[in-house]
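Hello,

Here is the structure I promised to hand over. Have a look at it first, and my notes follow below.

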Amino acid sequence: IKAYFGELEKEYTVDFADEDTPLGTGGGLSLLRGKVKDTFFLTNCDILVDADFGKIYQFHKENRNRLTMVCALKNFTIPYGVRDQENGVLTGLKEKPHMSFYTNTGLYVVDPDVLDLIEPGTYTPFTDVVERVKAQGGRVGVYPVSEHSWMDMGQLEELDNMRCLLYTSDAADDLPCDELGGGRICLIKTYDDAAERIDEIS
């Protein structure tokens with residue numbers, strides 16, 4: 001990342017904060033104390049969220065949140081029959097139940113005073129930071145996005161779908177799909193038809 005931005009011609013500056021020891025998803029924010037004075041976006045490095053960041057920021061400010069979590073609606077069907085039991089007695093059964101829930105995308109809006117809740121040099125998961133905000137009576141908001149708006153490249157299938165969204169090279173016309181990632185990468189020239197193609201290969 002440093003090499004990329006070091007060679008990139010840009011009209012902005014990029015500052016890096018290096019951890020001497022792993023500090024977790026929240027602990028590393030302590031390195032920003034005194035450096036960040038305004039509300040900021042925090043994001044995991046392996047996600048892609050297709051959303052209007054201006055609206056997310058506006059939601060955060062209008063609701064007076066100290067921290068806002070961007071969460072994606074996920075729909076999941078368990079491919080088996082589910083049986084409930086208590087003390088060896090059947091209490092309920094569902095055939096291939098469908099579940100809907102909001103999952104954390106790894107994208108947040110954070111007020112700068114939240115950094116004061118993180119002890120420097122201490123390994124801290126970001127979930128602990130969220131709980132500390134709540135314990136102080138701070139408002140933690142949830143901004144929902146659709147399940148197709150968030151992709152996590154930590155999952156192989158999602159990585160393929162992410163490539164599908166981002167692949168815009170005209171040179172791809174002459175390449176068979178299997179040369180672009182195991183036959184899963186579709187050749188998309190514009191973002192407009194990406195969602196439809198994603199549905200086709202998912």
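Leaving aside its neighbours within four places in sequence, which residues is Leu29 in contact with? They are Phe40, Leu42, Leu115, Ile118 and Phe126, where contact means heavy atoms within 4.5 Å.

Before the rest, two notes on the source. This is a predicted model, so local features need pLDDT of at least 70 and side-chain atom pairs count only at pLDDT 80 or more, while totals for chains, interfaces and linings use all residues. Residues are numbered from 1 along each chain as its sequence is written, and side-chain values use heavy atoms, with hydrogens and water left out.

The overall picture: the chain has six helices and eight strands, taken as DSSP runs numbered from the N terminus (helices H or I, at least four residues; strands E, at least two). Their order along the sequence is α-α-β-β-α-β-β-β-β-α-β-β-α-α. Of the 202 residues, 30% are buried, that is, under 20% relative accessible area with a 1.4 Å probe, protein chains only. Among contacts between residues at least 6 apart in sequence, 64% join residues at least 24 apart.

Leu29 comes up again in the largest nonpolar core, which has 16 residues. A nonpolar core here is a set of buried Ala, Val, Leu, Ile, Met, Phe, Trp, Tyr and Cys residues joined through side-chain atoms within 4.5 Å. Leu29, Leu42, Leu67, Tyr108, Val110 and Phe126 have the most contacts inside this core. Two or more residues each come from β1 (40–43), β3 (67–77), β6 (98–110) and α4 (126–135), and α4 gives the most, with four. Apart from this core lies another of ten residues, including Val70, Ala72, Val145 and Trp150.

A pocket is an open set of points on a 1 Å grid over the protein atoms alone, where a 1.4 Å probe fits, with protein on both sides within 12 Å along at least five of seven lines; lining residues have an atom within 4 Å of a point. The lining has 30 residues, and Leu29, Leu32, Leu42, Thr43 and Cys45 are the closest to the pocket's centre. At least two lining residues each come from α1 (2–7), α2 (24–27), β1, β6 and α4.

One more local detail is the hairpin of β4 and β5, with two residues between the strands, where Asn87 takes a positive phi near 55°.

Best wishes

Technical notes:
Buried < 20%, exposed > 50% of the residue type's maximum accessible area, 1.4 Å probe, protein only. Pairing = 2+ DSSP bridges.
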